[in-house]
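Hi,

Here is the structure I promised to send over.

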Amino acid sequence: YRAFEVAAADLAPLARPDVPLVVPEGTDRRFAYPLAHRVERLLVERRPDGPHYIVGSVGAAPPSGHLVRESGGFALWRVGGAGGGDR
C-alpha cells in the first residue's frame, strides 16, 4: 500500500483542482483512492464532456489525451474537452 501512497503523492500536485478524475473500469482502486483523497475529489467512471484527467495503469494513452506523468505503475493523462484544452 505504501507504493500506492508514494505514487499518489507524486501525481497529486499535477492535477488541477477544478478538473474531474476519471477512473477506467478495472483500475486498481488501492491507487485511485489515495490520489482522490490527496486532491480532495470524488472519482468518476463516466467521462465528462469537458476536460478531465484519466487515472489508470501505465499503458496506451486514451484517445485525444496526453500523458502528464507515470509513477509507480500508474499514469495520469489529461484529456481536453469543451471549454478547455490540454495544458
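Let me start with a loop residue: Thr27 sits in the loop that links β1 (21–22) to α2. Helices here are DSSP runs of H or I with at least four residues, strands are runs of E with at least two, and both are numbered from the N terminus. Is Thr27 buried or exposed? Thr27 counts as buried because its relative accessible area is 10%, where buried means under 20%, exposed over 50% and partly exposed in between, using a 1.4 Å probe and protein chains only. Its side chain reaches the backbone oxygen of Pro24 at 2.8 Å; a polar contact is a pair of N or O atoms within 3.5 Å, where within protein one must be able to donate a hydrogen and the other to accept it, and residues adjacent in sequence count only if both atoms are side-chain atoms. If you set aside neighbours within four places in sequence, Thr27 is in contact (heavy atoms within 4.5 Å) with Val55 and Gly56.

Before going on, some housekeeping. This is a predicted model, so to speak of local features we need pLDDT of at least 70, side-chain atom pairs count only at pLDDT 80 or more, and totals for chains, interfaces and linings use all residues. Residues are numbered from 1 along each chain as its sequence is written, and side-chain values use heavy atoms, with hydrogens and water left out.

Now the overall picture. The protein has two helices and five strands, and from the N terminus on they run α-β-α-β-β-β-β. Of its 87 residues, 39% are buried.

The five strands make an open sheet in the order β2-β1-β3-β5-β4, with mixed pairing; two strands pair if DSSP finds at least two bridges between them. β2 (43–44) and β4 (65–71) are at the edges with a single partner strand each, so one side of each has no neighbour in the sheet. Helix α1 (residues 2–11) packs on the sheet and touches β4 and β5, its direction making about 135° with that of β4 (axes are lines fitted to C-alpha atoms, for helices over the stretch in contact, and angles run from 0 to 180 degrees between N-to-C directions).

Which residues of α1 are buried? They are Phe4, Ala7, Ala8 and Leu11. Seen down the axis of α1, these buried residues fall within an arc of 100°, so they line one face of the helix; the arc is that of the directions from the helix axis to the C-beta atoms. They pack against α2 (29–39), β4 and β5.

Back in the sheet, β3 (residues 52–57) and β5 (residues 74–79) run antiparallel and are joined by six bridges. Tyr53 stands opposite Arg78 in β5. On the β4 side, six bridges again join antiparallel strands, here β4 and β5, and His66 has Arg78 as its bridge partner in β5. β4 and β5 form a hairpin with two residues between them, and Gly72 in the turn has a positive phi of about 60°.

One more loop residue to look at is Ala15, between α1 and β1. Ala15 counts as buried, at 9% relative accessibility. Leaving aside neighbours within four places in sequence, Ala15 is in contact with Val39, Arg41, Tyr53 and Leu76. Ala15 and His52 are 37 residues apart in sequence and 9.4 Å apart in space, C-alpha to C-alpha.

Cheers
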